Amino acid sequence: MQNAEMIVMEDLRACVKLDIVERLAKMILTNAASEIPVCTADVATTALEATVQCAGQLKFAKNGEEDFAVFVLQDGMAKITSIVLQTMSTYEDYNKASRRYDDQRAAVGSDVMAAMLQFYIGKKLQDLQILDAGCGTGNYAKSLIEHGARQISLLDSSPGMLEKAKDKLSDYIANGTVKDFIEAKMPPLPFSDETFDVVMFNVVLNHLDRGNPEFPNCVNTLKETVRILRPDGFIIVSTMLPSVAHNVMWFTQLNMKLTKRFTDECIPSVEQIEKMFEDAGIQCIQKLSILGSDMYKSYYNLDGPLDESWRATSSYWSFATSEEVAEAVERVKSLKASGEYEQWVKEHDLASSSGFLTIFFCKPRTTDKTIPLPE
Ligand SMILES: C[S@@+](CC[C@H](N)C(=O)[O-])C[C@H]1O[C@@H](n2cnc3c(N)ncnc32)[C@H](O)[C@@H]1O
């Protein structure tokens, strides 16, 4: 292979070593190599292949999946701006994140979801077959069970998150409330037609596509949802909106350039969500915003941005490059040094009046435009 060189790197998926990938990007740029084999430390088991697809992307193919590293040229140097792991979220390594996820996160809005589902479907929660799609560590599934659900399936692409969910729900697995744990990447949804009464996606859809304003993976996942729903079934989509990152959460306003890049690439706006629903044949019946910051348990830890373990619980920080994180950290340090930090946070935090989470209650679209209210 012309210009080919061998370098040793760890498995991209298990441990993303930016400096090594950057070295690789530099080598490719300087050698103009079209194909460079890259090996992990354990060459025999986990050899990866890197191919330059176009300027700015390094593709890694493994087991038929394609991951890629996005790099930019800065002062003649190749700098990795992001790593996209196609087998998981487009910007977060949830196997790694699973270790700390529950330190911070709570199933905000699950009480509202339980009430709304019973109201709209007109059946008790215990009689509904529910899929928690992108279940993570199982917080929403657990809360719905505590509200009365008795038939719930969980699906996620991250084995690490699923392991945590299995531990948390072991009693409910034993008594048959939890029917199954599926490790799968959406789309598609590996279930037969008309299997569920409810499919919920809690803060998941923003992980399926990146840099594509049409959100094709989301649309295909939602189309699949329509297929696996029973007649009169319901879909719940909960998400953070771009406006929340721009105006409501204080820590996302420390580095607005990063936040704009994050929301532009990954977080669909209300208009884009409505377009997704339309493309997938879904209609939204009701939108709700949950007030407050309860989704993040230590949201008001003002020193959080300085602490890697605090940052590790929000995928916002995983999306950021190390330079962008450093800029946010510097901003905190300088605000602290000038004695303005607490006031700055007060002025940039609207969580108590706006909250982070918006919930969309949806149904497959019918030809009849009117939605009957339950009797
Ligand atoms: C922010 S977490 C939300 C977890 C859980 N729903 C909650 O609210 O606590 C996003 C989850 O989506 C999962 N995920 C991301 N992309 C996925 C995909 N393509 N297919 C299935 N799960 C995916 C991740 O592994 C992660 O567990």
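**The ligand and the cysteines**

A nitrogen atom of the ligand lies 3.0 Å from a polar backbone atom of Asn202, a polar contact being a pair of N or O atoms within 3.5 Å. The protein buries 98% of the 600 Å² that the ligand exposes when taken alone (accessible areas by the Shrake-Rupley method with a 1.4 Å probe). This is a predicted model, in which local features need pLDDT of at least 70 and side-chain atom pairs count only at pLDDT 80 or more, while totals for chains, interfaces and linings use all residues. Residues are numbered from 1 along each chain as its sequence is written, and side-chain values use heavy atoms, with hydrogens and water left out.

A ligand nitrogen atom is 2.9 Å from a polar backbone atom of Met186, and a ligand oxygen atom is 2.5 Å from an N or O atom in the side chain of Asp156. Among the 20 residues around the ligand (those with a heavy atom within 4 Å of it), Tyr101, Gly134, Asp156, Met186 and Asn202 come nearest. This shell comprises 11 nonpolar, seven polar and two charged residues, with Gly counted as polar.

The cysteines come next. A disulfide is a covalent bond between the sulfur atoms of two cysteines; the search, which took a pair of cysteine sulfur atoms within 2.5 Å as the criterion, found zero disulfides in the whole structure. Cys284 is in no disulfide, and the nearest cysteine sulfur, that of Cys362, is 4.5 Å away. Cys284 is partly exposed at 28% relative accessible area, whereas Cys135 is buried at 8% (buried means under 20%, exposed over 50%, and partly exposed in between).

Note on methods:
Polar contact = N/O pair within 3.5 Å; in protein donor to acceptor, adjacent residues only side chain to side chain. Buried < 20%, exposed > 50% of the residue type's maximum accessible area, 1.4 Å probe, protein only.
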